Amino acid sequence: MEVRIVATTQNNQEIDKRELMEKYDKESSFRTNLGPWGWLTLALGSALTIFQLYTAYRGAYVSLIQGAIHLGAALCLVYLLYPLKPSWAKKRGIPLYDVVLAALALYTNFYIIQNYDRLINEAIIFGFTYMDQFVATAGILLLLEATRRVVGLPIVIIAILALLYGLLGNFIPVIGHAGYDWPTLATKMFFSSSAIFGIPIQISSTYIFLFLFFGVILVQTNIGQFFNDLALRLTGRYTGGTAKAAVAASGLQGMVSGSSVANTVGSGSFTIPMMKNAGFKPHFAAASEASASTGGQLMPPIMGAAAFIMASYTGIPYNEIIIIAIIPALLYFSGVFLGTHFEARKQNIRGLTKEELPKTNNLLKRLDLFLPLVIIIGFLLDGRTPTYAALFAIVTAFVISFFRKDTRMSFKGIIKLLEEGARVALPVIAACATAGIIAGTVTTTGLGPKIAGGIIDLAQGQFFLVMFFTMIACIILGMGLPTTANYVVTATMAAPALLAFDVPVIAVHMFVFYFGIVADITPPVCLAAYAGAGIAGANPMKTGVTAVKLAIAAFIIPYIFVTNPLLLLQGDANAGNVSISVITALLGMAAISAALIGYYVTNLHWFERVILITGGLLLVYPNLIISLLGLGVFSVITFLQYIKNKKDSSEKQEAVS
């Protein structure tokens, strides 16, 4: 009877997680009851994964053919798995019109492979045929509809506006251009390697798919639960230990995951109830998980898969980018960690007892689960290609799965794993291809420099205002977009404004990347906060505001590494300078976190909070004189807080006696 109750509870939890994912994560609204068509999706998904593994081992085809196979199979699967309306996902079977659309999507991409030599040689000289124009038009429409189904409307609307800009540029004042007729624009978008099959889809068809499949295998080995247990063991006994464990676990899971919402729901279903039971308010528990899960996409080595595209855009090797990104990511998580600490002190929430913590022996028995992650990071730091590192890590994780009965897979399980690898990649593939339309239009029409000029004119050439307006643009563009598409859009449309000021290219790209990511927790469109609030039973907007407070580092640090990119290991980045900058930044984050929570040594008055924020900002700025001034301000508040706390303690003792 007890076993049945436990099983029922677990099933209910899985149903709740599934419902939350479907509500806040567009990519989770897929058909599960496919009827007789299930064999087709199984075969096609497995074939796509095997193709990606094969080309990773033997070498990729030329970009247009590799991309066409990658995108064609993915779009076919989207139409088979994702219904016209999300609410229809529970219906049995697949409508005939979706089967037809799936076949057309496959054909339009197969057309590129079939006519490759003519399209890249003869068509450039003699022009594209009417059939070419028809296929290009159909391919674009099918891509946009598939993206709407699997990702959502925001990126589709931006892509349509980009196409309209390309068509009607001669009617647009100030930022207009000569304009293209539709046949020319459509064939540019669909038959070149600079738009739909540009850098985003090229990276998706090589590196990104492999890392996503790596994440699927790690889920199979239960590494997520291992991260939760490890984090709880390391931090659970301290003040507010449950919240600190949630932050640490989400940071670890973020290394291998690429979705804020998926992180929040997957990890939060375990951590949020635990935080509530410990005494944290529901909205704070949800905000802690949402902010930490969102920050997971800033954490090397995978960084929501955007790091691969960043490497292509900036010309900086991927294995250098993941090193450059470490300090800002650690500062982000330190800010969230400190926020949970001060809230726990404020609410007098203690840590867990020794009996409540996971057993050390059980963790030691599962240490091998770290091996794939160690291999992937080690190979990347050793200068191996991301493809090689991911492939070797996949093989290692696959072998490890056979060491335990609960993770050992049957032949049927392996086939399902291959299918799941393809399904997880569908939103990223569709988003990368659609982002390619936006990026292609921006580069083809010269829109990027025009937007940059508009931002600079609006800011009247003031650098700080240019950064502020770029930040707002990135947050707006990033709302509702997956990480990779988010970065492509912000890098092509917002980054040029900062590049005009001779800022290091990596600092600019990290700036737009950070502000695109924090859109997931920034009200009003804060999907990760909404998902966390759904688990906690909290107010979504209150959760979003609290998440912004906890993630305040993400709103401050980018300004610092643009004005002085020392935190990105650029410029005069010797060990002494970097160490001083990191220490003062950590002190600054402590001051700002305490001020936003309203508690330091004891409760803070409003004027103390204002002074602490000022001192914290001065500390964060990587200039020794300014940081010393901030340290002085911080020290004064610290002294006053200890005096006040001592006085309050004496008054309490007198009242008791």
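Helices here are DSSP runs of H or I with at least four residues, and strands are runs of E with at least two, both numbered from the N terminus. The model is a predicted one, in which local features need pLDDT of at least 70 and side-chain atom pairs count only at pLDDT 80 or more, while totals for chains, interfaces and linings use all residues. Residues are numbered from 1 along each chain as its sequence is written, and side-chain values use heavy atoms, with hydrogens and water left out.

Pro524 lies in the loop between helix 25 (505–517) and helix 26 (527–536), and the peptide bond that joins Pro523 to Pro524 is cis, with omega at about 5 degrees. Most residues other than glycine have a negative phi, and most peptide bonds are trans. Gln460, in the loop between helix 21 (447–458) and helix 22 (463–478), has a positive phi near 55 degrees although the residue is not glycine. With a relative accessible area of 69%, Gln460 is exposed, where exposed means over 50%, buried under 20% and partly exposed in between, using a 1.4 Å probe and protein chains only. Leu569, another residue other than glycine with a positive phi, has a value near 60 degrees; Leu569 sits in the loop between helix 28 (553–563) and helix 29 (575–597) and is partly exposed, with a relative accessible area of 33%.

Helix 5 (residues 116–126) shows how a helix can present two sides. Tyr116, Leu119 and Ala123 are its buried residues, and, seen down the helix axis, they fall within an arc of 55 degrees, so they line one face of helix 5; the arc is that of the directions from the helix axis to the C-beta atoms. An α-helix has 3.6 residues a turn, so residues three or four places apart point the same way. The cover over the buried residues of helix 5 includes helix 3 (63–81), helix 4 (96–114), helix 6 (130–150) and helix 8 (182–191). On the face turned away from the buried side, helix 5 carries the exposed residues Asp117, Ile125 and Phe126. After helix 5 comes Gly127, with a positive phi near 95 degrees.

Helix 23 (residues 483–493) has another arrangement: eleven of its eleven residues are buried, so helix 23 is largely enclosed by the rest of the structure. Among the buried residues of helix 23 are Thr483, Asn486, Tyr487 and Met493.

Helix 12 (residues 260–278) is the place of Val261, which counts as buried at 6% relative accessibility. The C-alpha atoms of Val261 and Ile521 are separated by 9.9 Å, and these two residues are 260 residues apart along the chain. Thr264 also belongs to helix 12 and is buried, with a relative accessible area of 0%. Leaving out residues up to four places away in sequence, Thr264 touches Ser269, Glu289, Ala290, Ser293, Ala528, Ala531, Gly532 and Ile535, where contact means heavy atoms within 4.5 Å.

In soluble globular proteins, nonpolar side chains tend to be buried together. The largest nonpolar core of this model has 212 residues, and those with the most contacts inside it are Ile196 and Phe511; such a core is a set of buried Ala, Val, Leu, Ile, Met, Phe, Trp, Tyr and Cys residues joined through side-chain atoms within 4.5 Å. Helix 20 gives the most to this core, with 16 residues. Apart from it lies another core, of seven residues, among them Ala231, Leu232, Ala249 and Leu357. Beyond its neighbours within four places in sequence, Ile196 is in contact with residues including Leu71, Ile140, Met189 and Ile437.

Helix 20 also holds Thr441, which counts as buried at 2% relative accessibility. Not counting residues up to four places away in sequence, Thr441 touches Ala162, Leu163, Tyr165, Gly166, Met189 and Gly446.

Helix 20 (411–445) and helix 2 (38–58) each supply at least two residues of the lining of the second largest pocket, and the largest share, four residues, comes from helix 20. Among the lining residues are Phe30, Arg31, Lys416, Glu419, Glu420 and Arg423.

Methods. 1 Å grid on protein atoms, 1.4 Å probe; cavity = no way out; pocket = protein on both sides within 12 Å on 5 of 7 lines; lining within 4 Å.
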